[in-house]
Amino acid sequence: MAFSGVHHFRMKALASELFQFRIGELATMTGVSTRQLRYWESKGIISSLEREGEQDARVYNYTAYVTVAVIKEFLDEGYTLKGAVKKTNEHQRNWQVLHDVMQNAVQDVVLLDETPAVDLGFFDEEETQRLYARIDENNKVKYSVRPWAGYAESIE
């Protein structure tokens, strides 16, 4: 497997901190008004990114987007703002673990038996086998462990 510029590009695509949204975009994407977003920011529920120079427009990262979207869902279910924030914070701890695992586990997308598969890295301590995941025709995740010969055909 070649850890080339393509691999680097794929890993950057998983870097959620690269996604940024202006306040109006965040409002449109989540259905939360810009006024509410400013209020939530004033209460420390969300925060905008620091910007250099004279740029005044608020910009939010992907984490803020997820936070706003989930709080909105809990509010729509009838939670108070305080309750929605509490529930969201509880869920975010689990999401962070998932994000960290995906960020560190996904090595590449390769062809196995002419089928795209996600290379999830070494399966064993000796680093002689790799774990791959693919989606089958029934939309189920299927895993396979294969001997590591030092390469796999990367999809470019």
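1. In this note, buried means under 20% relative accessible area, exposed means over 50%, and partly exposed covers what lies in between, with a 1.4 Å probe and protein chains only. By that rule aspartate 76 is exposed, because its relative accessible area is 52%. This is a predicted model, in which local features need pLDDT of at least 70 and side-chain atom pairs count only at pLDDT 80 or more, while totals for chains, interfaces and linings use all residues. Residues are numbered from 1 along each chain as its sequence is written, and side-chain values use heavy atoms, with hydrogens and water left out.

2. On the overall layout: the chain has 5 helices and 7 strands, where helices (H or I, at least four residues) and strands (E, at least two) are DSSP runs numbered from the N terminus. Read from the N terminus on, the order of elements is α-β-α-α-β-α-α-β-β-β-β-β. Of the 156 residues, 29% count as buried, and the accessible surface of the chain comes to about 10,600 Å², with 51% of it belonging to carbon and sulfur atoms; these areas come from the Shrake-Rupley method with a 1.4 Å probe, and for residues only the protein chains shown count as cover.

3. On contacts (heavy atoms within 4.5 Å): among those between residues at least 6 apart in sequence, 42% join residues at least 24 apart. Arginine 22, which lies in strand E1 (residues 20-22), touches Arg58 and Val59 when residues up to four places away in sequence are not counted.

4. Isoleucine 46, leaving aside its neighbours within four places in sequence, is in contact with Leu37, Trp40, Glu41, Tyr60, Thr67 and Val68.

5. On the strand pairing: two strands pair if DSSP finds at least two bridges between them. E5 and E6 run antiparallel and are joined by 7 bridges, with alanine 133 standing opposite tyrosine 143 in E6.

6. On the turns: the hairpin of E3 and E4 has 2 residues between the strands, and aspartate 113 in its turn has a positive phi of about 55°. In the hairpin of E4 and E5, with 6 residues between the strands, glutamate 127 has a positive phi of about 60°. Asparagine 139 takes a positive phi near 65° in the hairpin of E5 and E6, which has 5 residues between its strands.

7. On charged pairs: the structure holds 6 salt bridges, each defined as a side-chain nitrogen of Lys or Arg within 4 Å of a carboxyl oxygen of Asp or Glu. Aspartate 76 forms one with lysine 72, the closest N and O atoms being 2.9 Å apart, and both residues lie in helix H4, 4 residues apart, about one turn of the helix. The side chains of arginine 146 and aspartate 113 meet in another (2.7 Å, N to O); this pair links distant parts of the chain, with arginine 146 in strand E6 and aspartate 113 in the loop between E3 and E4, 33 residues apart. Arginine 146 is partly exposed at 26% relative accessibility, whereas aspartate 113 is exposed at 62%. Lysine 142 and aspartate 136 also form a salt bridge (3.9 Å, N to O), lysine 142 being partly exposed at 38% and aspartate 136 buried at 11%.

8. On the nonpolar surface: Ile135, Val141 and Tyr143 form a patch with about 320 Å² of accessible area together. Patches are made of residues with over 30% relative accessible area and no salt bridge, like charges being joined within 9 Å and nonpolar side chains (Val, Leu, Ile, Met, Phe, Trp, Tyr) within 5 Å. Valine 141, found in strand E6 (residues 141-147), counts as partly exposed at 44% relative accessibility.
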